[in-house]
Amino acid sequence: MGDLPLDINIQEPRWDQSTFLGRARHFFTVTDPRNLLLSGDQLEASRNIVQNYRAGVAIPGLTEDQLWRAKYVYDSAFHPDTGEKVVLIGRMSAQVPMNMTITGCMLTFYRKTPTVVFWQWVNQSFNAIVNYSNRSGDAPITVRQLGTAYVSATTGAVATALGLKSLTKHLPPLVGRFVPFAAVAAANCINIPLMRQRELQVGIPVTDEAGQRLGHSVTAAKQGIFQVGLVGFCLVFATPLCCALFPQRSSIHVTRLEPELRAQIQAQNPSIDVVYYNKGL
């Protein structure tokens with residue numbers, strides 16, 4: 001087997017980004033939670049492979065699949081503009097486990113005010129870390145700007161959650177379960193622009209097709225933040241829509257139950273063919 005050619009463009013994703021399928025395959029790889037389990041040595045090894053290859057040096061015996069794997073491991077843990085290692089929970093690969101945990105808790109503990117405040121605070125703290133860790137460009141952001149964005153987003157989320165909670169007291173419990181999502185939507189409208197306000201002030205880098213930096217653009221920053229905001233808005237509805245795929249009170253045929261339980265049910269009431277259960281979140 002010959003050496004790996006040096007003309008593979010790892011500056012771009014492996015799959016065609018002009019198609020939805022290509023973008024989907026790319027983000028499935030980037031958000032793979034298994035990347036969180038990689039050690040520091042494995043991350044550094046991937047960074048070395050990528051940086052060496054970009055410098056025109058391919059490790060002997062390196063295959064194209066190994067190169068792309070290293071590229072995606074590198075992309076999952078290091079900021080594309082600054083090159084800094086992103087804090088663990090700020091990485092895109094942490095989105096699924098973190099959001100599942102936080103969303104589940106917000107949906108479960110929505111009745112009491114202290115738990116509403118706590119989980120909205122946890123969620124906005126997580127969102128602030130993600131928005132900062134995945135910001136565009138390499139312009140620095142001050143501690144004061146970070147603090148302002150964090151406090152504003154958290155206050156907005158908690159105020160919205162408590163306000164909606166008081167308005168839905170006399171409505172069916174199911175309505176109350178959607179209060180956290182409205183609070184998150186309101187907070188994201190604050191969180192994203194404030195956490196990325198530096199981009200709106202000085203712009204983000206724009207490059208040619210080969211990746212050569214040409215300057216900074218505020219207009220591009222506005223468009224990027226709008227698109228991020230739109231994705232965040234869609235995510236607010238994605239969770240309840242996914243939860244609604246199956247009924248909360250689901251059913252299962254008695255013949256599919258464990259033999260011991262099946263025998264117990266038949267002994268109590270032989271006419272029962274179907275039993276019901278709460279599927280949870």
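## R34 and its partner

At 61% relative accessibility, R34 counts as exposed (exposed means over 50% relative accessible area, buried under 20% and partly exposed in between, with a 1.4 Å probe and protein chains only). R34 pairs up with D32 in a salt bridge, with their closest N and O atoms 2.7 Å apart (a salt bridge is a side-chain nitrogen of Lys or Arg within 4 Å of a carboxyl oxygen of Asp or Glu). D32, at 14%, counts as buried.

This is a predicted model, where local features need pLDDT of at least 70 and side-chain atom pairs pLDDT 80 or more, while totals for chains, interfaces and linings use all residues. Residues are numbered from 1 along each chain as its sequence is written, and side-chain values use heavy atoms, leaving out hydrogens and water.

## Other salt bridges

The structure holds 4 salt bridges. Another one joins D65 and R14, again with closest N and O atoms 2.7 Å apart. D65 sits in helix α3 (residues 64-77) and R14 in the segment before α1 (20-30), so this pair ties together parts 51 residues apart in sequence. Helices here are DSSP runs (H or I, at least four residues), numbered from the N terminus.

R47 and E44 make a salt bridge too, at 3.0 Å between the closest N and O atoms. Both lie in helix α2 (residues 40-54), 3 residues apart, or about one turn of the helix.

## Where α5 meets α6

The axes of α5 (residues 113-133) and α6 (residues 143-167) come within 9 Å and cross at roughly 145° (axes are lines fitted to C-alpha atoms over the stretch in contact, with angles from 0 to 180 degrees between N-to-C directions).

Notes:
Helices (H or I, at least four residues) and strands (E, at least two) are DSSP runs, numbered from the N terminus.
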